[in-house]
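Hi,

Here is the structure I promised to pass on.

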Amino acid sequence: MAGDEIRKAFVLVFFLITETGLCFSFSTLLLNGQWMVYNKDMSFVIPGNVPGSMYTALLDSGKIQDPYYRNNDVVYRWIGRDDWTYTRNFTVTADLLQMRSVVLVCEGLDTISLVYINDRPVGKSDNMFVCYVFNIKSALKVGLNTITVKFWSAVNTAASLAESYPYWVPPQCPYPGQNGECHVNMIRKEQCSFSWDWGPSFPTQGIWRDIYIQAYNTAIIRDVTTETNKTKDGLWSLTVGVFLEVQNVTGYPVGGQIEARVDNTTLRYTQDVMLTPEQNNLTFTMKIPPSVGIKLWWPNEYGEQSLYNLNVAFTSKDGAEVSNKKVRFGFRTVELVQDYVSVNKTQGRHFYFRINGVPIFFKGSNWVPADSFPERATKDRVYQYLKSAADVHMNSMRVWGGGVYESEAFYDIADELGIMIWQDFMFGCAMYPTDSSFLNSVRQEVTYQVRRLKHRPSVVAYSGNNENEKALRQDWYLTDVNYTLYYNDYLKLYRDTVYDVVKNEDTSRPFLPSSPTNGILSIQEGWIAQQPWDEHYGDIHDYRYLDPYFDPSVYRIPRFASEYGLQSLSSYETLEKVYNESDMDYWSDMNEHRQHHPFGNIEMMAETIMYVQVPNCPDRKQKFKDLIYVTQINQAIGMRTETEHYRRHQNYLNADGRGNTMGALYWMLADIWQAPSWASIEYGGKWKMLHYFAEKFFAPLLISPYDDGDNVNVFIILDVAKVKELRRPDNTVVFVPDFESSSFPDIFGHPNTIGHPSGSGVHASHQTLSGTLYIQMFTWQTLKPLFTWAVPFSMNTTSQSVFLRNVNDMMLEAGCPRRISCFLFFYLGDPYNSMATWHVLSAYKDAVGLQKANIQITSIQAGPNTGMFTVTLSTDAIAPFVWLEAYGVKGRFSENGFLMVHSQKNVTFTAWEVVDIPTLHKSMSVKSLMDVYYPVQ
Ligand code: BMA
């Protein structure tokens, strides 16, 4: 073995032991690292890193500019249409080659490829989501060997598959404004890599996950799955699945022993086994005695995320070979409640999750790939995004079906942060082929991915696809020309293939046919419901771009909203990395080029006009900055209005049975590149105003006012770990906080909670939460409130109206002349508490009395913790949407985009990189709404 191979093998073994828990007594040769990459006519021959793609190889070799820069997605279209080959040499020792089985393990080949060892074909791939294992022993030799992976352009392959397919499998091509490629549904590849309505087309080729050689004489463990169950007597059991690969050279069975141990417990299991290449897996259940003292895994802000390590080892009979695999798992139960809402069964079915028996409102968003080039979606970046989600009280995330099954790092972090994953299978917004080779490939994909994910406590649900049930029912792709054909294809793919595998592999979490879906009703109606968007069943996706998004009455009342969103622009700072000076205009060609959603920029402008006045700075660049700011205001207000509306409906059912809403996952968490989109986190990690608003609207204790006809109606919403479900005689549900066994401060004592309501002045006893709600009426003109109402309240459900009053009467009492002059401010106990909120009585564009506020950053001081700084602000006038930025310094504020009603306010800046106070001071700027308007000349 050459020096660097030995080093790499060493690194792999070390990596496998420390990171994945794998450990081999047999030989392993890691082939990650530097390869040679070349295109079809060899006009480019460059080094390329594995895992990686040809785009990053070209970029790293200086052959292309940043592919994200300006319209490089179009300029570099040729790259995805060319064929790229990866090759490298490696050295094989006699020791390795004499092993009975020598296999090449490819955890990710993207996508259509032929694999050669020393010019002999040893395997091929057609699915980037499958782990391929090829037998390569006969192709290897002692000494220097060459491995070559020849990829075909995914674009060309998809086109030729579409052409030769007996009928159209729509949609053919994406919306032209996406500048994308066609027929991505014909191949098992990240569907958004051919472009999406928020992302560019970079149809990658390459070895995108680890690749290595393994040699063994007997058997090795490929997968370990776990399933934890709570039995009737309250005891836990752990069911373990072990999937091995067994040598098939000798023709004799392989004897040995399987041992399973759970770290830091007395749990141990052993079993003698006789394995053959066909009889290569086993399942066993360990009953867990009470003495083990199991600690549960809880979602974020509901308790700890206790995790256990399971070590499984196979030892060959002669003791000469040991194969280990370690997986981390947790003890938790998941149930999806879908019983009837009413006794007469006419009002639909519930749709909510119970985790460890506790009904939990899903607060979160949707995850799309963090980068067009998966190799750039590093663990650090994924952590940054998911930590940002947890920091704003999210407890759940849907891994959307047009991207990828995410990395181990992603699920590790979700397990650790308590982010419950709704996992789509990777099919989205399309019909799919159902020829046998496609379905076989899907079968392998689903088997591999489910075995990979099953031990993850964070994964709480599977869903067959993104929006294909709805698309077929609503004829999005003109499938009605032959509905039966496409319907039968749908069944073949999702019912007879995806679900068929899942039901054999993993019934420990719910499987939903699609998202959105009607759940049980969809199944009863033959997997395509009559109305998959029905609010009485399952989940909905709902977008309303042209409605007054600040008015809650425009929103639907579903059981669970798994997608809803509004667009905004990314910050100037983020756009600057990919726009040039001339692009810095709302209506520039570049801003249009990056906008992939039809009429998106026009829609954002229409939204602006409805709510605030359009910024009018004569300076073009400043006006663009101001427009960025107002689009972020619209998005934040829209998502706040819609999300609070969903949370308020937890305990409410309309006369027609809509309500008991138990999930709000907005679209979407983070951008794949710098562009106008629905994301709340910009490419690179910067929080948009929406993300700051999410910290408020997802807070466990929320004051939520809204216009209810002529009244203002104020709800208090409380998400706590101790909730009981009360069933009314008519079968409707009310969620009731249960404080009996938990002291109130515990509920908010979770370290992930920022801005938790200390000083809220609320008290809990038994099943009641009581306190005083303070309501103040202000005019826009002055910092002094007109009037303050102190409203004692007492609530006994998790979401309840505590105040309802005619606004005109309140104005009369307070002395407010007209709605457009005033607004309401609400707090519990302490007006300076971050939980305070406000409610406007008219759109800002009509507000009278607002003045340009002179806001000053009066001081920045270190603390309260390392990397944190206290920023003190002062104002001389009411200031809506106060927006702080630390240009060039990565980090986030504790609050941003707030309404400033006091002359002073402190916020905390948490830096994500080392920074000193003078640098921070220099970087920091502040503005508020009236700063974007200039006197008309
Ligand atoms: C839904 C999603 C995505 C899309 C989003 C915004 O259709 O599932 O496909 O990006 O809406 O349009």
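A quick definition before the details: I call it a salt bridge when a side-chain nitrogen of Lys or Arg is within 4 Å of a carboxyl oxygen of Asp or Glu. Keep in mind that this is a predicted model.

By that rule there are 48 salt bridges. One of them pairs arginine 268 with glutamate 259, with the closest N and O atoms 2.7 Å apart. Arginine 268 is exposed, at 54% relative accessible area, while glutamate 259 is partly exposed at 22%.

Arginine 456 and aspartate 415 also form a salt bridge, at 3.0 Å from N to O. Arginine 456 sits in the loop between helix H9 and strand E29 and aspartate 415 in helix H8, so this pair ties together parts 41 residues apart in sequence. Both of these residues are buried.

Then there is arginine 658 with glutamate 535, again 3.0 Å between the closest N and O atoms. Both partners lie in loops, and the pair links parts that are 123 residues apart in sequence. Glutamate 535 is buried, with 11% relative accessibility. Shared partners also join several salt bridges into one network, which includes Arg328, Glu408, Asp415 and Arg456.

Now the ligand. Its surroundings include Trp196, Trp198, Trp400, Tyr543 and Trp667, and by class the shell has 7 nonpolar, 1 polar and 3 charged residues. Ligand oxygen atoms come to 2.5 Å from a side-chain N or O atom of aspartate 197, 2.7 Å from one of glutamate 563 and 3.0 Å from one of asparagine 466. The protein covers 91% of the 300 Å² of accessible area that the ligand has on its own.

Cheers

How values were computed
Residues numbered from 1 in each chain as written. Predicted model: local features only at pLDDT ≥ 70, side-chain atom pairs only at ≥ 80, totals over all residues. Heavy atoms only, no water. Near = heavy atom within 4 Å. Polar contact = N/O pair within 3.5 Å; in protein donor to acceptor, adjacent residues only side chain to side chain. Areas by Shrake-Rupley, 256 points an atom, 1.4 Å probe, with all protein chains shown as cover. Nonpolar A, V, L, I, M, F, W, Y, C, P; charged D, E, K, R; others polar. Buried < 20%, exposed > 50% of the residue type's maximum accessible area, 1.4 Å probe, protein only. Helix = DSSP H or I, 4+ residues; strand = E, 2+ residues; numbered from the N terminus.
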